[in-house]
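Work through the exercises below with the sequence and the structure in view. Each task is followed by a worked solution.

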Amino acid sequence: MFIAHRCCRQPSSRVLLASFAMVLLLWIAVFSIFLALAFFCTTKSSLNLYLAQLFGAKQDANFEGKTIWIVGASSGIGEYLARHLAQFRDVKLILSARRVDELGRVKNFLVDTLGLKPNSVEILPMDVTDFEKIEGVVEQANKVFGRTVDTVILNSGRSQRSSFSDVDIEVDLDCFKLNALGPTEIARKQLKYFLEAKSGQFVVISSMCGVIAAPLSPSYTASKHALMGYFRLLSVEYCDRNIDVSIVCPSLTYAPNNVLNAYTGAADEKHGQILAEITPRHMPTEVAADMICTAAANRISESWLSQTPPVLLVAYVMAINPDLFLAFVKFLGFDRLQQMRTGGKTN
């Protein structure tokens with residue numbers, strides 16, 4: 001009788017609670033995996049920017065009536081950022097680059113095609129590698145419209161196609177000056193104006209090469225890592241002084257001259273090939289510009305862009321576990337990784 005009575009006892013409340021918790025955790029795990037798969041199958045950005053696009057602040061609140069200085073505005077992402085920003089009410093744009101004729105072309109498009117007022121856009125020629133002149137150019141930028149610049153977009157840069165062992169040291173030095181040191185020096189000289197105004201924002205266009213190790217781009221990869229190191233630190237040091245830093249890292253973005261002007265391993269040499277047409281792996285430049293502005297409007301400290309979600313997955317793996325990243329590369333094959341890096345057809 002006693003044994004039968006024990007066998008028929010109901011499970012204790014602790015057992016029921018533990019069972020319920022296990023089932024709940026299992027469902028949460030399954031749901032999380034489903035969300036992660038859905039995210040990586042549909043996203044073109046890191047999770048923070050993805051959520052900002054859905055639920056974040058609108059761009060107009062951040063850019064209307066503002067003075068915005070775009071360094072590296074003569075083509076590619078910089079040009080399309082100018083086009084995108086021209087739509088906002090009472091915006092003032094300063095366009096800088098070395099190629100003054102190309103800046104003129106961009107300005108004419110903004111005025112003649114997009115209807116921006118001629119007195120709302122100014123050209124300010126600049127060579128970011130001429131460090132001695134940077135302070136003077138920064139001073140000019142903050143006087144062009146009779147007020148301090150609100151946002152500085154640092155977009156200057158030059159890509160590369162070369163194997164690790166074939167690079168001359170002169171290429172490394174030149175690449176670092178253009179991609180990392182120039183933008184950093186501009187920020188140092190601009191800081192005093194932001195501090196006087198008690199606000200300001202740097203939008204730094206880096207690259208996914210600053211997040212992961214990209215084949216065929218040793219100097220470029222290292223310089224973008226350096227660029228992000230400088231501005232991550234700037235963000236930390238000035239986070240309590242109303243100076244924001246938004247680093248945006250695009251992957252392959254369609255710009256026909258990007259590979260044409262890319263460094264090789266030899267000094268004073270350009271790669272010379274033209275990206276013949278946009279490919280499924282290249283993000284349209286206007287899409288990249290819109291996403292960069294969303295990141296800036298939402299004050300996102302760092303975000304990633306990629307037309308192909310696997311690049312974002314690789315970046316997350318690299319950030320979480322570099323050893324797992326290397327194992328992934330070995331599994332995938334280095335040749336396949338090179339194809340992910342180059343992405344398109346060239347002529």
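**Exercise 1.** Which residues in H12 meet which residues in H13?

Solution. The model is predicted: local features need pLDDT of at least 70, side-chain atom pairs count only at pLDDT 80 or more, and totals for chains, interfaces and linings use all residues. Residues are numbered from 1 along each chain as its sequence is written, and side-chain values use heavy atoms, with hydrogens and water left out.

Step 1. Helices are DSSP runs (H or I, at least four residues), numbered from the N terminus. Contact means heavy atoms within 4.5 Å.

Step 2. From H12, Val314, Val317, Met318 and Ile320 meet Pro322, Leu324, Phe325 and Phe328 of H13.

Step 3. By class, this contact has 8 nonpolar, no polar and no charged residues. Ala, Val, Leu, Ile, Met, Phe, Trp, Tyr, Cys and Pro count as nonpolar, Asp, Glu, Lys and Arg as charged, and the others, Gly among them, as polar.

**Exercise 2.** Find how the axes of H3 and H11 cross.

Solution. Step 1. Axes are lines fitted to C-alpha atoms, for helices over the stretch in contact, with angles from 0 to 180 degrees between N-to-C directions.

Step 1. The axes of H3 (residues 47-55) and H11 (residues 285-297) come within 10 Å and cross at roughly 85°. H3 is therefore roughly perpendicular to H11 (65 to 115 degrees; under 35 is roughly parallel, over 145 roughly antiparallel, the rest oblique).

Step 2. Leu49, Ala52 and Gln53 of H3 meet Met291, Thr294 and Ala295 of H11. The residues of this contact divide into 4 nonpolar, 2 polar and no charged.

Key
Helix = DSSP H or I, 4+ residues; strand = E, 2+ residues; numbered from the N terminus.
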